[in-house]
Amino acid sequence: MLETLVRTHQAELYRYARYLGAERATAEDLVQETFLAAFRAEDPEHAAAPWLRGILRNQFLNWCRRRRLAPQSADPAALSQAESVWQDVFLRDGDGFDYLQALRKCLADQPEKHRQALDLQYAQKKSRAEIARLLSLTEDGVKSFMRRIRARLAECVGKRLAAEGG
Amino acid sequence: MDEHLDNLVDTLLREEIGGEAAPDLAPAILARADRVRLRWTRVLITAAAAAIVVAVAIWQFAPGLRPGSKPTERGVTPQAVQPAPVVPEGGHEVWQRGSVVVAQGAPVSLQLGGYCSLELAANSQLRIEGEDRAEAIFLEQGEVRCRVERSVGTFQVRTEVGTVNVTGTEFVVAVLGKETDMLGKRLFVKVLTGAVLVSGLWGNVHLAAGQQATLPEGGKIAGILTGKAETWIAVKADGATEARRFTPMWKDGGLDKEMLATFKTLRVQNRVELEWKMIERPRVLWVRMIVPEQENGVVVGVVTAKEANWIEVKPDGGVPERYVPRWIRNPSGEGGSMDQDMLRKFAELKIGDTVRIEWNYLERKRAISLEKIAAVQ
């Protein structure tokens, strides 16, 4: 049933579209267009996730080109690398469950200042300017700080997964 | 940090901390799909109507163009082409025991013993067996419709899956499934008049007129978990070359939550055993991952399948298992990667090579050392 196809894959595809860089509304449109394209295929009910992600990447490329976004956004090679990271790092256990579990544990281990910054950006959705004011940083300083926190989290996840045998 | 890795963590943090959840787009998507289908249906109906109008016009006003009409001076009228009838072995209808009857593009009718009338469907094949007054066929593939007169003799339709026994009835038998289908072949029997007894691994099932059954309707299998997602697992059963997907049973208005939670605990590339039942699609009743009793060991076997990150090895007389490389930490202690040396060895192997692997188990069987003993011939 096509409904089963959609319900099986829509959450992962939406997450994937956001990962590629699409805003929420765009991600919703991309997921819809992906499934409509998949419905026209010969055996849509047995569509595999990698194939659907491939369709979504093409949809994203076309969307970027229509809006004449910066060339790096519409670079097929970059999207191909993005897919490799998604497949090899996030989906190493088949569905990303291990990665998410490790990320949750790493979040719990973060120092207070990091957790505060993460809360301001992701939970309270404060602007960079507001975060800068609250943390006594410059706006550029906030951008670098958040990147360092994410890098530390990624490293922590990598270590946890390695310790568990990967 | 790699840009893509940063995007990955950023995306997941929006969900974990920000509570961003994927919206349910199914109603909108299905509604749009219906509109597209409706649009195409209208296009097809319009095209069909136009074709009918043209055909009627030709029939009325251009009789020379009607199919089957004699050639005109302007050219040859195309003739309708019937599928070529299948010529039985020897060119004439003599059914010897052991004869194989193949129906390719068209059905084949045959009579056995003077009391069994069969129609073998197109793309089907059977072998004549049995003896006088105890006629029998072996349906190798496809479908056959049978009418057996009463009080003359017995008749059997034998298949790989089971046997249908009759003493005067009309019924249809079909063998379903492919060689490589891990559900195996199944037997479909539909009784038109009279009654049949269908025998197989499931025991005996009596079917009366108007009844039909597909057997078996489930079973237990063991094999390799080749993939999974939130709502399904894919298992390649021992002996099969393809994996099949299984979904949980439907329970309380949704997929069985306990089974979905069980799916999360399973590790791809491990062996599993499960019991399934066919309800619209294969549904898993229970599943368990088979964890080896020993933490390490040695295996000698033939490479039966491989991809970049794993190889599948079957020891003589044993079951196939998959092996992945170890995860090796960087000397600095930060991060790591798969054993690159082992990945290179995997890449060099061919299906059919004989290998010796020393392994340990850490969520999956991991190749510690690999030696090619013999190359495929």
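H1(A) crosses H2(A) with right-handed geometry, the near helix being turned clockwise from the far one by less than a right angle. This is a predicted model, in which local features need pLDDT of at least 70 and side-chain atom pairs count only at pLDDT 80 or more. Residues are numbered from 1 along each chain as its sequence is written, and chains are lettered from A.

Helices are DSSP runs (H or I) of at least four residues.

| Helix pair | Angle | Axes |
|---|---|---|
| H1(A), residues 2–20, and H2(A), residues 24–39 | about 140 degrees | 9 Å apart |
| H1(A) and H1(B), residues 3–16 | roughly 130 degrees | within 8 Å |

The angle makes H1(A) oblique to H2(A), and likewise H1(A) is oblique to H1(B); oblique is what remains after under 35 degrees (roughly parallel), over 145 (roughly antiparallel) and 65 to 115 (roughly perpendicular).

From H1(A), the residues touching H1(B) are A:Arg15, A:Arg18 and A:Tyr19, where contact means heavy atoms within 4.5 Å.

Now for the two chains as a whole. Their contact takes 61 residues from chain A and 50 residues from chain B. Together they bury about 5000 Å², 60% of it on carbon and sulfur atoms; this is accessible area (1.4 Å probe) lost on being put together, summed over both. The interface holds 10 salt bridges, each a side-chain nitrogen of Lys or Arg within 4 Å of a carboxyl oxygen of Asp or Glu. B:Arg267 and A:Asp98 form a salt bridge at 2.6 Å, N to O.

Note on methods
Side-chain values use heavy atoms; hydrogens and water are left out. Axes are lines fitted to C-alpha atoms, for helices over the stretch in contact, and angles run from 0 to 180 degrees between N-to-C directions. Helices (H or I, at least four residues) and strands (E, at least two) are DSSP runs, numbered from the N terminus. Buried area is the accessible area (1.4 Å probe) that two parts lose on being put together, summed over both.
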